[in-house]
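Student: Could we go through the charged side-chain pairs together? I'd like to work out who pairs with whom.

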Amino acid sequence: MAKPDPALLDAARYPFSCQIEPRFGDLDVNMHINNVAMAGILEDARVRFFRTAGGLEHLAGLSTMVARIAIDYLGETHYPEPVTVHGAVERMGRTSQTVLQVVMQEGKPVVFARTVIVMVGPSGPAPLTEAYLESARQWMFRA
């Protein structure tokens with residue numbers, strides 16, 4: 001498997017970050033953070049990012065659905081050292097957005113993820129609101 005473009009692993013290009021402490025229960029038999037637990041850490045960070053970017057405020061009445069997620073595991077992640085998850089919007093469409101995340105531990109990239117999130121209303125996919133599009137522009141990946 002090819003590694004992501006090095007630019008995607010540069011934490012300085014991501015406008016959002018949060019620190020998450022792994023739990024002992026996140027470990028696998030090799031004493032590394034389990035891949036499924038890491039997917040949960042990515043989810044937690046995406047929710048924090050979504051809230052910070054104005055998702056609750058500007059998309060009230062809509063819900064989100066992960067349509068696709070690709071996770072590249074670049075290195076081992078250990079307990080109990082915290083991880084810093086950096087996030088950015090890569091692209092915004094009519095009803096969806098693509099979010100990039102890079103997880104760093106002790107200054108090294110250990111995980112890269114790209115997630116497509118679709119907004120959903122009562123009758124299916126719903127457009128991103130103008131207010132959200134305007135708010136989210138400041139959270140775009142810095143090329």
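Student: Which residue forms a salt bridge with R137?

Tutor: This is a predicted model, where local features need pLDDT of at least 70, side-chain atom pairs count only at pLDDT 80 or more, and totals for chains, interfaces and linings use all residues. Residues are numbered from 1 along each chain as its sequence is written, and side-chain values use heavy atoms, leaving out hydrogens and water. A salt bridge here is a side-chain nitrogen of Lys or Arg within 4 Å of a carboxyl oxygen of Asp or Glu. For R137, the closest N and O atoms are 3.1 Å apart, and the partner is E134.

Student: Is E134 buried or exposed?

Tutor: Buried is under 20% relative accessible area, exposed over 50%, and partly exposed in between (1.4 Å probe, protein chains only). R137, at 45%, is partly exposed. E134 has 54% relative accessibility, so it counts as exposed.

Student: How many residues apart are E90 and R114?

Tutor: Their side chains meet in a salt bridge, 2.9 Å from N to O. The pair links distant parts of the chain, with E90 in strand β3 (residues 83-92) and R114 in strand β5 (residues 108-121). Strands are DSSP runs (E, at least two residues), numbered from the N terminus. The separation of E90 and R114 is 24 residues.

Student: What is the relative accessibility of R13?

Tutor: R13 forms a salt bridge with D10, with the closest N and O atoms 3.4 Å apart. D10 is partly exposed at 32%. R13 also counts as partly exposed, because its relative accessibility is 25%.

Definitions and conventions: Helices (H or I, at least four residues) and strands (E, at least two) are DSSP runs, numbered from the N terminus.
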